[in-house]
Structure formats: structure tokens, C-alpha cells
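Let's look at some labels and ask where they come from. Each answer sets a value against its definition.

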Amino acid sequence: SEACDVPSTATAGTKTATCRATDAAGNTAEATVQFTVQAPPPAPPTITVAATAGGSPYVAGTWSRVPVSLTYTCTSGVVVSSCQAPRTITADTGPAGQTVTGTVTDALGRTAQTDILVKVDRTAPQLAPTATPASVTIGGTVVLAANATDTGSGIASQSCDAPNTSTVGTKTATCRATDVAGNAATKTVAYTVTAPAPPQCQGVADRTPLL
């Protein structure tokens, strides 16, 4: 038979275990063996980011019409030598947004990073409203269009007031648009409502004396 002590790995250091053997004639022998238990490496560095917009939590990848502030928390099993400083994204990021990276480095030179996609649109939509046709007779039909555009988050909704062609005169209507980030804009459009032309007879107004 043969057997060895159960090795102990609960603590770091150089360990010794004894092994024994017995042959069929009953002769026995034993010897010791050494092994080393190494301490586990210190926990690796980690970095997390907290994002807020206007004092409220910001969800990564969503549109904000106010600046987005980022703050970082760094940890490691050893001393943290550098942690990403807070930053604020104030400028419009464009339709694709901006990926912001934060980095931590510890005393052992190990690094870790975290990324967050930030989308900021602080610019209101542009409107170029039209009235088609620009002049109609009483009771006629005019179509109003906001023709809104937005180079950031894109147009979420646009509309114009219902036109009024029940009376004669120069009319104005308000058109409005809102983008996905919540920025809003308005602009007025003018159109003219005229009285119908009187009927004509031989090229002159009907019931006009002919000379």
C-alpha cells in the first residue's frame, strides 16, 4: 500500500507532506515532499461610470437635450494610481452619438476601461413651412406643411394649424416640430383667401351695361 498526507493549500508558503509505502513482506518506508502554495494575485482593477442629465440618471444610448455628466468609480486589489476624471458632454454629438471611454490604472500597471454611448442634441429643428397654393378663393383648399428637418436626433413629430378659408384676407398659421431629444420649434406661414371672381359676359363682369 502507499499513501501521502493530504496537502494543505489553505495558506501560502512552502509546505511539506509525508508519503508512506508498505510492500507485501511488510517492509515500510516513508519520504517527504515539498510544494509551494502561492498567494492569489490581488483583485484586478475595475471602473464604473455613473451618468446624469439635468440631475436625473441618464440611460446610455438615449437622446438628451441637456449636457450629460459622467463620473467614475475605480477599485483594485492594490493602490489605484489613476482614475478617469469626471467629464461633461455639452456639444451636439450627431446622429451616431459619441462613445466615451474611461480608464483606470493600478500600482501594478494593470488597466481596465469602460465605455458609454452618449447622445446629445441641444439644437431645435428647422422649419420651412409652405402653403399650397399660396392663394385660394373662399372655401378653397390649401395644404400647409411644416417641412421640418433635424440634423441630430431626427424629427419626432411635425404639424401645422388647420387652414381657415371661410373669410377673405391674409391668413397665418403656426407650424411646429419636435425632435426625438425633445427640442421644439415653431414658425408661421401666410396664405391669402380671396373672393371669387364675378361671372363675366363677353369679357366684362356680368350685369355690367354694354356700350
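Buried means under 20% relative accessible area, exposed means over 50%, and partly exposed is in between (1.4 Å probe, protein chains only). This is a predicted model, in which local features need pLDDT of at least 70, side-chain atom pairs count only at pLDDT 80 or more, and totals for chains, interfaces and linings use all residues. Residues are numbered from 1 along each chain as its sequence is written, and side-chain values use heavy atoms, with hydrogens and water left out.

Q: Which parts does the pair of Cys4 and Cys19 tie together?
A: Strands are DSSP runs (E, at least two residues), numbered from the N terminus. Cys4 lies in strand E1 (residues 2-4) and Cys19 in strand E2 (residues 13-22), so the linked parts are 15 residues apart in sequence.

Q: Is Cys74 buried or exposed?
A: Cys74 has 17% relative accessibility, so it counts as buried. Its disulfide partner is Cys83, which is partly exposed at 34%.

Q: Why is the disulfide of Cys160 and Cys175 called right-handed?
A: The torsion about its S-S bond is about 105°, so this disulfide is right-handed.

Definitions and conventions
Helices (H or I, at least four residues) and strands (E, at least two) are DSSP runs, numbered from the N terminus. A disulfide is a pair of cysteine sulfur atoms within 2.5 Å.
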